[in-house]
Amino acid sequence: MTTPPQQLRIALDALDTTFAPHSESPFTVGGCTYCFTDADLEALAGPARLVPDRLIPSVAAESTDHWGDFAALYRRMTPRIVRLLTTGRLHVDHGLIASRLLEADWRDWAVPEQRALERVWDAWWRSVLREHPGTDHAARVLETISVSTGRLSPWLAVWAGTRTEAADRHLGAALDGWLVTPRFADLRLGFYDELPAGPELLSWLLSLEEGRIGAAQLAEVERLAYS
């Protein structure tokens, strides 16, 4: 049986294969020449696998109006962006990556491409929940996958069903951040606050089995939920 980290590697390789028709084909890149040199734009026009790692964060985060065809560029670069993101090597706001994928209209991409990305999200999430500390924080990963898919409940169900010490330590760390968020009950996820999350998170937290949340944190969750 493969482990979650192995499943993530398999899913990432499958993502590369699925996107190869876009990522490896010639592409004309129009972009902001103030932010990118001619050499940068030339590199981005070549096979995505050959684009230097130093350019990936800029492509991943840059605003859409910096590109002649943002959606097409983001689509062809998605395997590179996602591989660095899920292996802890892309230091870009996770909510921003999710928001950029939405702006690239990834839900309208070919079905095999959508499914390949969703399989990466699932493998990444399960891998993160089984290691603490790991390459990433569960709250940040949850924001990426829930905002990009527009669904919070399936990912919370996986968290609830992962009865490991690592998953519970991730939960405690996530609560440390959530509970100091002003108006947690109205929390929205995503760089542009695309996904309402507070009410669903509170309901889910209250539904967890006894012992998953420390007494002090649980008292604060109950106060917020019932106030």
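The legends below describe close-up views of a predicted model.

**View 1. Helix α11 and its buried face.**
Helix α11 comprises residues 215-226. The buried residues of α11 are Q217, V221 and L224. Seen down the axis of α11, these buried residues fall within an arc of 65 degrees, and they therefore line one face of the helix. The face turned away from the buried side of α11 carries the exposed residues A215, A216 and Y226. The cover over the buried residues of α11 includes α9 (165-178) and α10 (198-207).

**View 2. Helix α8 and the helices around its buried residues.**
Helix α8 is formed by residues 153-161, and its buried residues are W155, L156, V158 and W159. Around the axis of α8 they cover an arc of only 155 degrees, which puts them on the same side of the helix. The buried residues of α8 pack against α6, α7, α9 and α10.

**View 3. The largest pocket.**
The volume of the largest pocket is about 250 Å³. Its lining is made up of 16 residues, and H137, A139, R140, E143 and W178 are those that lie nearest the centre of the pocket. Two or more residues of this lining come from each of α5 (94-103), α7 (138-149) and α9. By type, the lining of the largest pocket divides into 8 nonpolar, 5 polar and 3 charged residues.

**View 4. The second largest pocket.**
The second largest pocket holds about 210 Å³ of space. Among the residues that line this pocket are P5, L8, R9, W124, S127 and V128. The lining also includes T86, T87, E131, G134, T135 and D136. Helices α1 (4-23) and α6 (111-128) each supply at least two residues of the lining of the second largest pocket. This lining divides into 4 nonpolar, 5 polar and 3 charged residues.

**View 5. S127 in the lining of the second largest pocket.**
S127, one of the residues lining the second largest pocket, has its place in helix α6. With a relative accessible area of 12%, S127 is under the 20% limit and is therefore buried. Not counting residues up to four places away in sequence, S127 touches P4 and P5. P5 is likewise one of the residues lining the second largest pocket.

**View 6. The cis peptide bond between H132 and P133.**
H132 and P133 are joined by a cis peptide bond, with omega at about -10 degrees. P133 belongs to the loop between α6 and α7.

**View 7. Two loop residues with positive phi.**
D105 is not a glycine, yet its phi is positive, at about 60 degrees. D105 is found in the loop between α5 and α6. With a relative accessible area of 43%, D105 is partly exposed. R183, also not a glycine, has a positive phi of about 55 degrees. R183 lies in the loop between α9 and β1 (188-189). R183 counts as exposed because its relative accessibility is 64%, where exposed means over 50%.

**View 8. E62, a buried residue in a loop.**
E62 is situated in the loop between α3 (56-61) and α4 (70-86). Its relative accessible area is 18%, so E62 is buried. Leaving aside neighbours within four places in sequence, E62 is in contact with C35, F36, W67 and R100. E62 and C32 are 30 residues apart in sequence, and their C-alpha atoms are 10.0 Å apart in space.

**View 9. P199 in helix α10.**
P199 lies in helix α10, one of the helices against which the buried residues of α8 pack. At 56% relative accessibility, P199 counts as exposed. P199 and Q6 are 193 residues apart in sequence, and 34 Å separates them in space, C-alpha to C-alpha.

Technical notes:
Residues numbered from 1 in each chain as written. Predicted model: local features only at pLDDT ≥ 70, side-chain atom pairs only at ≥ 80, totals over all residues. Heavy atoms only, no water. Helix = DSSP H or I, 4+ residues; strand = E, 2+ residues; numbered from the N terminus. Expected span 1.5 Å × (residues − 1). Buried < 20%, exposed > 50% of the residue type's maximum accessible area, 1.4 Å probe, protein only. Arc of directions from axis to C-beta. Contact = heavy atoms within 4.5 Å. 1 Å grid on protein atoms, 1.4 Å probe; cavity = no way out; pocket = protein on both sides within 12 Å on 5 of 7 lines; lining within 4 Å. Points joined across faces, edges and corners; volume = space filled by probe spheres on them. Nonpolar A, V, L, I, M, F, W, Y, C, P; charged D, E, K, R; others polar.
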